[in-house]
Amino acid sequence: MDIALRYLVLSIIPSLLAYYFAPRFGRGRKRWAIACFFTSYPGLILLGILPTQAIPTLESYRRQHPNCARNGGGMTCVHCGSRSIRLWRQQVLLSVRHYHRCNHCGKTLYTS
Ligand SMILES: [Zn+2]
């Protein structure tokens with residue numbers, strides 16, 4: 001019982017937290033859940049402090065993928081072509097960033 005509790009506290013909980021919070025940092029859920037399963041809480045800290053890969057702004061996304069601009073003014077996902085794009089809001093103190101993520105494939109497309 002003691003080993004099961006230790007396993008839950010040191011592996012499962014960090015893994016679930018990483019699965020939940022990874023998209024807020026522009027990272028993949030599954031990859032970080034697996035990483036935090038093996039690295040426990042230090043992995044969770046790395047999730048928050050490692051620099052994220054540069055996510056383009058709407059203007060540069062439109063420039064890079066001109067075929068993703070729709071006539072009505074919306075955008076489509078460059079990875080799967082889905083038109084369903086969700087807005088994620090990340091607030092750190094007074095700084096607010098908006099991430100636009102594809103509802104179908106889950107990739108972060110651009111910021112605004
Ligand atoms: Zn997509």
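Modeller: S40 has its place in helix α2. Keep in mind that this is a predicted model. The backbone of S40 is the point to check. Its phi is near 60°. That is a positive value in a residue other than glycine. Is S40 buried or exposed? S40 counts as buried, because its relative accessibility is 14% and the cut-off for buried is under 20%.

Now take the helix as a whole. Helix α2 spans residues 29-49. What does α2 supply to the largest pocket? It gives three residues to the lining, the largest share. Helix α3 and strand β3 also take part: like α2, each supplies at least two lining residues. The pocket has a volume of about 540 Å³. Nine of its residues are nonpolar and nine are polar. The other five are charged.

Next, the annotated segments. The unreviewed UniProt entry places the feature "transmembrane region" at residues 6-22 and at residues 34-55. How much helix does the model give each stretch? Over residues 6-22 the chain is 94% helix, with 0% strand. Over residues 34-55 the chain is 73% helix, again with 0% strand. The end C-alpha atoms of residues 6-22 are 23 Å apart. For residues 34-55 the end C-alpha atoms are also 23 Å apart.

I12 is placed in α1, which covers residues 2-21. From I12 to A22 is 10 residues in sequence. In space their C-alpha atoms are 15 Å apart.

Move on to the metal site. Which residues coordinate the zinc ion? Four cysteines do, each through SG: C77, C80, C102 and C105. The distance is 2.3 Å. Along the chain, these donors follow the spacing C-x2-C-x21-C-x2-C. C77 lies in the loop between α3 (58-64) and β1 (85-92), while C105 lies in the loop between β2 (95-102) and β3 (108-111). The pair therefore ties together parts that are 28 residues apart in sequence. Why is the arrangement around the zinc ion tetrahedral? The four donor atoms subtend angles of 102 to 121°, and the rule for tetrahedral asks that all angles lie between 85 and 135 degrees. C77 is buried, at a relative accessible area of 2%. C105 is partly exposed, at 33%.

W88 is found in strand β1. W88 counts as buried, because its relative accessibility is 15%, under the 20% limit. W88 and T76 are 12 residues apart along the chain. Their C-alpha atoms are separated by 16 Å. L94 sits in the loop between β1 and β2. Is L94 buried or exposed? L94 is exposed, because its relative accessible area is 83%, and exposed means over 50%. L94 and L46 are 48 residues apart in sequence. C-alpha to C-alpha, the two are 22 Å apart in space. S95 has its place in strand β2. S95 counts as partly exposed, with 43% relative accessibility. S95 and D2 are 93 residues apart in sequence. In space, C-alpha to C-alpha, S95 and D2 are 42 Å apart.

Back to the starting point. S40 is a buried residue of helix α2 with a positive phi. Helix α2 in turn supplies the largest share of the lining of the largest pocket.

Technical notes: Residues numbered from 1 in each chain as written. Predicted model: local features only at pLDDT ≥ 70, side-chain atom pairs only at ≥ 80, totals over all residues. Heavy atoms only, no water. Donors = N, O, S within 2.8 Å, 3.2 Å for Na, K, Ca; no water. Tetrahedral: all angles 85-135°; square planar, octahedral: opposite > 155°, others 65-115°. Helix = DSSP H or I, 4+ residues; strand = E, 2+ residues; numbered from the N terminus. Buried < 20%, exposed > 50% of the residue type's maximum accessible area, 1.4 Å probe, protein only. UniProt positions renumbered as here; feature names shortened; annotations may be inferred. 1 Å grid on protein atoms, 1.4 Å probe; cavity = no way out; pocket = protein on both sides within 12 Å on 5 of 7 lines; lining within 4 Å. Points joined across faces, edges and corners; volume = space filled by probe spheres on them. Nonpolar A, V, L, I, M, F, W, Y, C, P; charged D, E, K, R; others polar.
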